[in-house]
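This report describes helix packing and ligand surroundings in one structure. The sequence and the model are shown first.

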Amino acid sequence: MNGKLIVFEGVEGAGKTTQMQLLIHYLRSSSWKICPLVATREPGGTALGVGLRRLLLEPSTGEFVSNRTELLMYAADRAQHVETFLKPELAKGSIILCDRFTDSTIAYQGYGRGLKLSLIKQLNEIATDGLQSDLTFWLDINVETGLTRVRARGGCDRMEQANLEFHQRVQKGFTELAQQNPDRIVRINADRSESEISEEIQAILSHRLENWGYLNN
Ligand code: T5A
């Protein structure tokens, strides 16, 4: 069986990393027959991507990064990730948990930065070679709550430093994407305790795994 690509999306501080870790723990300790299970992220899922991630989020020069440059750097990170990691893992039958994918580019560079959505969709198509997530969990949280969490943790990156209006436009992007793709994107109310959110994600994924023909015994 080919593997599955499961993506976590949301605004800053939505709790994606936390929920991915909890889901890995659940899947490893459950009786689902889904070996291998791998986790990755964008940007930064490959060696090249780690360099791009640093340039995008922690630029050492402080140089202004234009919106189109930013878009192309996220696309380059994705093209490398898809070709050298995601496709080979899917061919091996892996279940992949991925922190952010194509919807982040539509939400951040499209709705957030105001670049043309048709252009971004075309670029996503080039970068992914048509690969889409099988299931995306959109962790929906109030933008200010998410930013407060991130700021409490300290050390905001270049994207997190953008103004509130930018993050609100990004949130609008995720909201509209979820409305347009109800089968692929599942909205999760992320303004709850970590365990409540995790239990809902486990239940939804278990149902999908069953539909996809995975065994649980
Ligand atoms: N980007 C990315 C683009 O602009 N375009 C693109 O195409 C792509 C792919 C990535 C940046 O790049 C941008 C988007 C981003 O700005 P990143 O570091 O991966 O950078 O940024 P985030 O994905 O936002 O990662 P964060 O770590 O900031 O947020 P998470 O992963 O959503 O949240 P998490 O789990 O780390 O939690 C944040 C804090 O909240 C607490 C945690 O303990 C932590 O301190 N927390 C909770 N607190 C209370 N209740 C809960 N339920 C909580 N869950 C977590």
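In this predicted model, helix α3 (residues 67-92) and helix α4 (residues 102-112) pack with their axes 11 Å apart, at an angle of about 175 degrees. Because angles over 145 degrees count as roughly antiparallel, α3 is described as roughly antiparallel to α4. On the α3 side the contact involves Glu-70, Leu-71, Tyr-74 and Arg-78, which meet Thr-102, Thr-105 and Gln-109 of α4. By class, the residues of this contact comprise 2 nonpolar, 3 polar and 2 charged.

Helix α1 contributes Thr-18, Gln-19, Leu-22, Leu-23, Tyr-26 and Leu-27, while α8 contributes Glu-194, Ile-197, Ser-198, Ile-201, Gln-202, Leu-205, Ser-206 and Leu-209. This contact has 8 nonpolar, 5 polar and 1 charged residues.

The ligand is surrounded by 27 residues, of which the closest are Glu-12, Lys-16, Thr-17, Thr-18 and Thr-105. Thr-18 also belongs to the contact of α1 with α8, and Thr-105 to that of α3 with α4.

| Residue | Distance from side-chain N or O atom to ligand oxygen atom |
|---|---|
| Arg-53 | 2.7 Å |
| Tyr-74 | 2.9 Å |
| Arg-153 | 2.9 Å |

Tyr-74, listed here with a distance of 2.9 Å, is also one of the α3 residues that meet α4.

Key. Residues are numbered from 1 along each chain as its sequence is written. This is a predicted model: local features need pLDDT of at least 70, side-chain atom pairs count only at pLDDT 80 or more; totals for chains, interfaces and linings use all residues. Side-chain values use heavy atoms; hydrogens and water are left out. Contact means heavy atoms within 4.5 Å. Helices (H or I, at least four residues) and strands (E, at least two) are DSSP runs, numbered from the N terminus. Ala, Val, Leu, Ile, Met, Phe, Trp, Tyr, Cys and Pro count as nonpolar, Asp, Glu, Lys and Arg as charged, and the others, Gly among them, as polar. Axes are lines fitted to C-alpha atoms, for helices over the stretch in contact, and angles run from 0 to 180 degrees between N-to-C directions. Angles under 35 degrees count as roughly parallel, over 145 as roughly antiparallel, 65 to 115 as roughly perpendicular and the rest as oblique. A residue is near a molecule or strand if one of its heavy atoms lies within 4 Å of it. A polar contact is a pair of N or O atoms within 3.5 Å; within protein, one must be able to donate a hydrogen and the other to accept it, and residues adjacent in sequence count only if both atoms are side-chain atoms.
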